[in-house]
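Work through the exercises below with the model open beside you. Try each task before reading its solution.

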Amino acid sequence: MIKAYFIRYTSTIDASSFSFGPITWLTSLNTVTVYSTVIHVLEDMWYLIFLALLFDISACQKCLKPDALITQTIDNEGFHRDIKYLIEFSSNNVNILFSAHCKVALRQDIPLGLFVNPDQIADLVRVRKLLAYIDGKVNVETPMHHSEPHSTYIYSINDTFSRISLELPIHLRYQRAQITGGYGKIELPKPSLLVYCPEGAILCGSSQKVEAPCDYTGAKGCMWSNVSYKAITNDIEMMVPLGNLDHYPIVSIVTLLVACAGCIYILSVLSTTIL
């Protein structure tokens, strides 16, 4: 558009009209050549202005450099325990997360030896003590060798990004009995830290994008950033008592005798009762 306008304009103006006192070198140049040069200069200027605006916009974008710490501990003993998480972001990250209305969540993969009770999670969600979504089928009755792994997404309840405390109740499954008994070991993997910023905050450098539920309802999925973090605690291991197969003959005999004695007692009572 600019180029066409200048060509039409130069067709009605004589080049000699551009002589200013001693500066008469323009009159010796062809009019089209002069304005072609001007047009190229203007095009270069527009290009430079575009680049300047582009860099300006990029500089204004919020950039989140992951700087997070996670402490993971296990409370209680026995087959019913609680995983407690403490997520801590640096002060710079806190400001960016808050201004961009970001969400923070943990993805905890549950191994075969553990399970999360869907009914218990539903009760905790109902009273707003926990916001979690279970991904996968969970059968609370099956032992470890008949169960399937599943994952649980735990969402932050408030916007206090400096210290986020989360808690997840878990339950240990019975394992297959073995000779001499002993204890079985269950290793709890470290969680994945997910960040979702709907208002334009970006991660500095490359980050892995994963699709996960937007919230605890699991109604729709969002693209979250899998953020690296520093784990304060070591890998967590839990010990589960195993049945001793060496006791199988004794237990079977005693169980059979007790069952027979019970049947005999019931029959004797029925035989002496007047109907």
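Predicted model: local features only at pLDDT ≥ 70, side-chain atom pairs only at ≥ 80, totals over all residues.

Residues are numbered from 1 along each chain as its sequence is written, and side-chain values use heavy atoms, with hydrogens and water left out.

**Exercise 1. The whole chain**

Task: State how many helices and strands the protein chain has, and what share of its residues is buried.

Solution. Start with secondary structure. Helices (H or I, at least four residues) and strands (E, at least two) are DSSP runs, numbered from the N terminus. The protein chain has 5 helices and 15 strands. Next, burial. Buried means under 20% relative accessible area, exposed over 50%, and partly exposed in between (1.4 Å probe, protein chains only). Of the 275 residues, 29% count as buried. Then take the surface, computed by the Shrake-Rupley method with a 1.4 Å probe; for residues, only the protein chains shown count as cover. The accessible surface comes to about 17,700 Å², and carbon and sulfur atoms hold 61% of it. Finally, contacts (heavy atoms within 4.5 Å). Among those between residues at least 6 apart in sequence, 74% join residues at least 24 apart.

**Exercise 2. A charge under cover**

Task: Find what the side chain of D82 makes a polar contact with.

Solution. Locate D82 in strand β3 (residues 80-89). D82 is buried and has no salt bridge. A salt bridge needs a side-chain nitrogen of Lys or Arg within 4 Å of a carboxyl oxygen of Asp or Glu. K84, the nearest side chain of opposite charge, is 6.3 Å away. Here Lys and Arg count as positive and Asp and Glu as negative, while His and the chain ends are not counted. Now look for polar partners. A polar contact is a pair of N or O atoms within 3.5 Å; within protein, one must be able to donate a hydrogen and the other to accept it, and residues adjacent in sequence count only if both atoms are side-chain atoms. The D82 side chain makes such a contact with the side chain of N76, at 3.1 Å. Beyond four places in sequence, D82 also touches residues including T73, E167 and P169.

**Exercise 3. Both ends of α4**

Task: Describe what lies at the start of helix α4 and what follows the helix.

Solution. Begin at the start of α4 (residues 118-126). A side-chain oxygen of N117 reaches to within 3.0 Å of the backbone nitrogen of D119. After α4 comes R128, with a positive phi near 65°. R128 sits in the loop between α4 and β6 (132-135). Its relative accessible area is 47%, so R128 is partly exposed. Leaving out residues up to four places away, R128 touches I157 and Y216. The C-alpha atoms of R128 and I157 are separated by 8.2 Å.

**Exercise 4. T152**

Task: Is T152 buried or exposed?

Solution. Find T152 in strand β7 (residues 150-155). Its relative accessibility is 0%, so T152 counts as buried. Its contacts beyond four places in sequence include L106, V116, Y133 and L168.

**Exercise 5. L245**

Task: Which residues does L245 touch, leaving out those up to four places away in sequence?

Solution. L245 touches A177, Q178 and I179. Its C-alpha atom is 6.7 Å from that of G181, 64 residues apart along the chain. L245 is partly exposed, at 38% relative accessible area.
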